[in-house]
Amino acid sequence: MSKEEKAAYAAGYDCGLNGVTESNCDFKFFMNPNHTKEWERGKKDGEAKRDEPLKVKSTYLFPNGMVVTFGFNCQQIPSLQGQLNKRLYTKIKKHSDEKTIWYGFENIKVK
């Protein structure tokens with residue numbers, strides 16, 4: 001794969017994962033059929049990654065009541081963090097399984 005095809009794939013992937021921007025939809029990616037093909041392949045892969053269900057690897061409850069949650073890619077999951085409340089706790093449980101590590105939740109009651 002050429003350098004240009006790799007760049008087209010990366011731009012398509014970014015578009016599929018994060019949405020359209022001027023840089024990931026630049027005309028240069030569509031001037032050559034092979035570049036267009038790689039861009040479309042990248043977009044498809046990015047959309048698939050974006051649509052993967054959330055899977056919680058670990059979640060941390062801090063003494064001040066704040067919760068920070070991480071996925072299996074070691075990235076924070078912004079939609080599953082904030083001040084602990086019943087709604088947030090329920091959302092985290094929905095995306096957790098028996099492998100999820102819960103830190104600081106040992107003696108809490110969620111209201």
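Reader: How many bridges join strand β1 to strand β2, and which way do the strands run?
Author: This is a predicted model, where local features need pLDDT of at least 70, side-chain atom pairs count only at pLDDT 80 or more, and totals for chains, interfaces and linings use all residues. Residues are numbered from 1 along each chain as its sequence is written, and side-chain values use heavy atoms, with hydrogens and water left out. Strands here are DSSP runs of E with at least two residues, numbered from the N terminus, and two strands pair if DSSP finds at least two bridges between them. Strand β1 (residues 56-61) and strand β2 (residues 66-71) run antiparallel, and the number of bridges joining them is 5.

Reader: Which residue in β2 is the bridge partner of Thr59?
Author: Strands of a sheet pair through backbone hydrogen bonds, either parallel or antiparallel. For Thr59, the bridge partner in β2 is Thr69.

Reader: Which residue takes a positive phi in the hairpin of β1 and β2?
Author: This hairpin has 4 residues between the strands. The residue with a positive phi, near 90°, is Gly65.

Reader: What is the order of the strands in the open sheet, and which are the edge strands?
Author: β2 is also joined to strand β3 (residues 82-83) by 2 bridges, and these two run antiparallel. The open sheet has 4 strands with mixed pairing, in the order β3-β2-β1-β4. Each edge strand pairs on one side only, and the edge strands are β3 and β4 (101-103).

Reader: At roughly what angle do the axes of helix α1 and helix α2 cross?
Author: Helices are DSSP runs of H or I with at least four residues. Their axes are lines fitted to C-alpha atoms over the stretch in contact, with angles from 0 to 180 degrees between N-to-C directions. The axes of α1 (residues 3-18) and α2 (residues 33-50) come within 6 Å, and they cross at roughly 35°.

Reader: Which residues of α1 make the contact with α2?
Author: Contact means heavy atoms within 4.5 Å. On the α2 side, the residues include Trp39 and Arg41. On the α1 side, they are Glu4, Glu5, Ala8, Tyr9, Ala11, Gly12, Tyr13, Cys15, Gly16 and Leu17.
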